[in-house]
Amino acid sequence: MTDEPLLRVTALSKYYGSRIGCEDISFDLWPGEVLAVVGESGSGKTTLLNCLATRLLPTSGTASYRMRDNQWRDLYRMSEAERRFLMRTDWGFVHQNPADGLRMTVSAGANVGERLMAIGDRHYGNIRSTAVDWLGRVEIDEERIDDEPRAFSGGMRQRLQIARNLVTGPRLVFMDEPTGGLDVSVQARLLDLLRGLVTDLGLAAIVVTHDLAVARLLSQRMMVMKDGHVVESGLTDRVLDDPRAPYTQLLVSSILQV
Amino acid sequence: MTTAATEIATYNFAYLDEQTKRMIRRAILKGIAIPGYQVPFASREMPMPYGWGTGGVQVTAAIIGPDDVLKVIDQGADDTTNAVSIRAFFQKVADVAVTTETAKATIIQTRHRIPEHPLTAGQTLVYQVPIPEPLRFLEPRETETRKMHALEEYGLMHVKLYEDIARHGRIATTYAYPVKVEGRYVMDPSPTPKFDNPKMHMSPALQLFGAGREKRIYAVPPFTRVVSLDFEDHPFEIQTFDQPCALCGAEQVYLDEVILDDKGGHMFVCSDTDHCEKRQACGHRGHLAPEALEPAQ
Ligand SMILES: Nc1ncnc2c1ncn2[C@@H]1O[C@H](COP(=O)(O)OP(=O)(O)OP(=O)(O)O)[C@@H](O)[C@H]1O
Ligand SMILES: [Mg+2]
Ligand SMILES: [Zn+2]
C-alpha cells in the first residue's frame, strides 16, 4: 500500500434543476479499500456513484484520481477519450441489472474478452483462455463459454458482469446494488464471491447498497446518506455497532427489528 | 418509359440539380480528405426505390461528366435488371457513353464486386452501400458508434470476429468484411465479398461509397492502405475455389454457382461476366465451355 489515496473527492454536489441529487460530499478512498454507501431510496447514492464514475457530470466540486503512473488527474477535466479508456481498463462498473453491463447478444466468452480486445489484444487463443480462466474464477462452468447471457440465470449474469469488469485488472470498481435483484440464497453466494475477489485482487471499491448486511460483509468503511447529504461516516463495524447520528441509529435499529 | 424519357429530358444533366451535386461533391471531397470516414449528406429522393442503389446513383450523378464512360455491375454482371436500369437511367439523363468493358470505363458503379481486371489511375469505382456502419451489428445506438469512430474505439469489431471463430471455428464472415483504412477508420465495404478486399488496398482507382437510405458517403482515395481486420492466430483469408471457371478456365477469380437444371446440375463460373467473356474471346476455355453451351447466357 502507498501512503496516498487512490481517489480524492472534495465538496461534490449534483443538482437536478433545483432538486438536490447529492450535496457537498468529501472523502478519500484508499487503494484496496471498500467503501459502502448506504441510505434509503432517493438519498442520492446512485447520483454520487455516477458522478464519481464520470457517468454524470457534477454541478460543482472535484474528484481526482491517482493514475497507474501515480499522476493525479482531475476526473472532470480529462478528455472523453482518456476517461473512456480509464473506464475500460483501470475501472469497473457493476450495474444492478446485469443486462445494463453485459452484451446480451454475444457469448459469455466475448463478454469477458471485449475489454481485452478493446485494449488491443489480437490473439484469439489468448483471449479465449483468459476468458476461460475468468469464468472459472466467478464459478461459471467453462462449458458455458459460448452461450449468450440471455440463457443465464440472474446470479450467473451478475457473476459474468463481474468477470467482464475484472479481466483488465482494474484498481477501482464501482458497484450499484450488485446483489439487488437476486434471491437471498443467490445473494449470499455472490457476496461471498465478491468478498473473495476483492481481497485476492486488492481491489478498491465503492459499493452502493441499501442493505446494511452487504455493507457489513464487503466494506471496511461506510457512508450513510440521507436527502443527498452524508449524515455519518466511519469504519463499518463502528458505524453499525455504535451509530452516532440519530438517522443511522434509526436505520440500524429498524434493520435489527426485521 | 417514353413519356418518362421526354419528361426527364427537361431535368438537369445527370438528373440532380447543380446545387445538390455541389452538396454531394463537398461530401465526397470531405470523404476523400478523411479516408474511411462516413460523411453525412442530404440524400435525395431518386426515381428508384432504396435498395436499388440510390446512394451510388447520387454519387455517380454528382461526379459524371459528358465525356465519361460508365459501366454498371450488379454482383459481377452488367446485364442484371438493377445494372441495366441504372445504366439506362444515366444514358437518358446524362447521355453518356456506356460500356461493359472494365478497362474502357471511367466510372464503374457496383453493387458487390470489384472487377477482376485491375483498375487504373483515373478510374472511379462507385459502390452502392446498404448499411455503412460496421459497428451497427453490435451497437445499435448511432450516438455511441459515432463516438467509437471519433475515439478510435474499435474493440467491438473484434468481438464480432471473436464470435465468428467461437461459433464456426474460423472467421465465417464472407461479405461486408470490416477493413481499417489508412490505419485509422474502420469501414464496411458492404456488401462486397471479402475476396475483393485485397483489391481495395493501394488501388490506383478512386473508390467512393454511397448509402442513400442511411445518408452517408465515404471514400478510399487512390493508393490508400486498406487492411482487413483479423486475429494473429486467425489471419484474414480470401475465399478459394477448388476449380477454375467452367466457361473460361480462369483461376484466382471469384466464382458464382450457376444451376444448370433441376436435377442438381450446376457449374461454377466467373461472377465478373465481362472478364469471362473477354477471356473466352481470347480463346480460353473451361471444361463446360465447348459449343454445347450458348455463349454469354
Ligand atoms: N435524472 C434525474 N432527474 C431528476 N432528479 C433525479 C434524477 N435522478 C435522481 N434524481 C433525484 O435525486 C435524488 C437522489 O436520487 P438517487 O437515484 O441518487 O437516489 P438513490 O439513493 O440511488 O435511490 P435508490 O435507492 O432508490 O436507488 C432523488 O430525489 C431523485 O428523485
Ligand atoms: Mg440508486
Ligand atoms: Zn470465366
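This is a predicted model: local features need pLDDT of at least 70, side-chain atom pairs count only at pLDDT 80 or more; totals for chains, interfaces and linings use all residues.

Let me begin with contacts in chain B, where a contact means heavy atoms within 4.5 Å: among those between residues at least 6 apart in sequence, 63% join residues at least 24 apart. Residues are numbered from 1 along each chain as its sequence is written, chains are lettered from A and ligands numbered from 1 in the order written, and side-chain values use heavy atoms, with hydrogens and water left out.

Of the 297 residues of chain B, 52% count as buried, which means under 20% relative accessible area with a 1.4 Å probe and protein chains only.

Now to the aromatic rings, where Phe, Tyr and Trp (its six-membered ring) pair if their centres lie within 6.5 Å, and planes under 30 degrees apart count as stacked, over 60 as edge-to-face and the rest as tilted. Over all chains, the search finds 14 aromatic pairs. One of them is the tilted pair of Y124(A) and Y162(B), with 5.0 Å centre to centre and 40 degrees between the planes, and this pair crosses between chains. Y124(A) counts as buried because its relative accessibility is 8%, and Y162(B) is buried too, with a relative accessible area of 0%. Turning to Y177(B) and F236(B), their ring centres are 4.9 Å apart and their planes stand at 65 degrees, so this pair is edge-to-face; the two residues are 59 residues apart and link distant parts of the chain.

Technical notes
Buried means under 20% relative accessible area, exposed over 50%, partly exposed in between (1.4 Å probe, protein chains only). Helices (H or I, at least four residues) and strands (E, at least two) are DSSP runs, numbered from the N terminus.
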